[in-house]
Amino acid sequence: DRDLNLSYADLMRKLTPERKELFRKSEVAWIELRDKDCEFEASSAAGGDAYQPLYISCQIKLTKNRLQLLQNWQKQAL
């Protein structure tokens, strides 16, 4: 999350005010989607000891993917 937040802040500094608002909304929507996707992925273990590890593992995986996307956008100087 720390690296994601740093990349988010760096990219925000490079954007116009209009694009900053779009990007902010995109990030909020992505967080909601990530959490719902992980709820679904871990739901096969609902009520069991494996739910929380599955959920966290999913969040880590999807956050790494999002970080890579933000880093690519930074390199493109969007």
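This is a predicted model: local features need pLDDT of at least 70, side-chain atom pairs count only at pLDDT 80 or more; totals for chains, interfaces and linings use all residues.
1. **Helix H2 and its length.** Helix H2 covers residues 17-42, which is 26 residues. At 1.5 Å a residue, H2 should span 38 Å.

2. **The buried side of H2.** Which residues of H2 are buried? They are Phe23, Glu27, Trp30, Arg34, Cys38 and Ala42. These buried residues pack against two helices: H1, residues 2-14, and H3, residues 51-75.

3. **Helix H3 and its length.** The same check works for H3. Its 25 residues should span 36 Å at 1.5 Å a residue. The end C-alpha atoms of H3 are 36 Å apart, which agrees.

4. **The buried side of H3.** Buried residues in H3 are Tyr55, Cys58, Leu62, Thr63, Arg66, Leu67, Leu70 and Gln74. H1 and H2 are among the elements that cover them.

5. **How to describe a helix pair.** Two numbers describe a pair of packed helices: the angle between the axes and the distance between the axes. The next two points use both.

6. **H1 against H2.** The axes of H1 and H2 are 10 Å apart, and the helices pack at an angle of about 160°. An angle over 145 degrees counts as roughly antiparallel, so H1 is roughly antiparallel to H2. Their crossing is right-handed. From H1, the contact uses Leu4, Tyr8, Leu11 and Met12. From H2, it uses Lys20, Phe23, Arg24, Glu27 and Trp30. By class, this contact has 6 nonpolar residues, 3 charged residues and no polar ones.

7. **H1 against H3.** Here the axes come within 9 Å and cross at roughly 25°. An angle under 35 degrees counts as roughly parallel, so H1 is roughly parallel to H3. The crossing of H1 and H3 is left-handed. On the H1 side, the residues are Asp3, Leu4, Ser7, Tyr8, Asp10, Leu11 and Lys14. On the H3 side, they are Thr63, Arg66, Leu67, Leu70, Gln71, Trp73 and Gln74. The contact divides into 6 nonpolar, 4 polar and 4 charged residues.

8. **Arginine 66.** This residue is found in helix H3. Is arginine 66 buried or exposed? Its relative accessible area is 8%. The cut-off for buried is under 20%, so arginine 66 is buried. Leaving aside neighbours within four places in sequence, arginine 66 is in contact with Leu4, Phe23, Ser26, Glu27, Trp30 and Trp73. Of these, Leu4 belongs to the H1 side of the contact with H2. Phe23, Glu27 and Trp30 are among the buried residues of H2.

9. **Cysteine 58.** Cysteine 58 is also in H3. Its relative accessibility is 1%, so cysteine 58 counts as buried. Not counting residues up to four places away in sequence, cysteine 58 touches Asp37, Cys38 and Glu41. Cysteine 58 and arginine 34 are 24 residues apart in sequence. In space, they are 8.4 Å apart, C-alpha to C-alpha.

10. **Leucine 54.** Leucine 54 lies in helix H3. Its relative accessible area is 35%, so leucine 54 is partly exposed. Leucine 54 touches Ala42, Ser44 and Ala45, not counting residues up to four places away in sequence. Ala42 is one of the buried residues of H2. Leucine 54 and glutamate 41 are 13 residues apart in sequence and 7.4 Å apart in space, C-alpha to C-alpha.

Conventions
Residues are numbered from 1 along each chain as its sequence is written. Side-chain values use heavy atoms; hydrogens and water are left out. Helices (H or I, at least four residues) and strands (E, at least two) are DSSP runs, numbered from the N terminus. The expected span of a helix is 1.5 Å times one less than its number of residues. Buried means under 20% relative accessible area, exposed over 50%, partly exposed in between (1.4 Å probe, protein chains only). Contact means heavy atoms within 4.5 Å. Axes are lines fitted to C-alpha atoms, for helices over the stretch in contact, and angles run from 0 to 180 degrees between N-to-C directions. Angles under 35 degrees count as roughly parallel, over 145 as roughly antiparallel, 65 to 115 as roughly perpendicular and the rest as oblique. A crossing is left-handed if the near helix is turned anticlockwise from the far one by less than a right angle, and right-handed if clockwise. Ala, Val, Leu, Ile, Met, Phe, Trp, Tyr, Cys and Pro count as nonpolar, Asp, Glu, Lys and Arg as charged, and the others, Gly among them, as polar.
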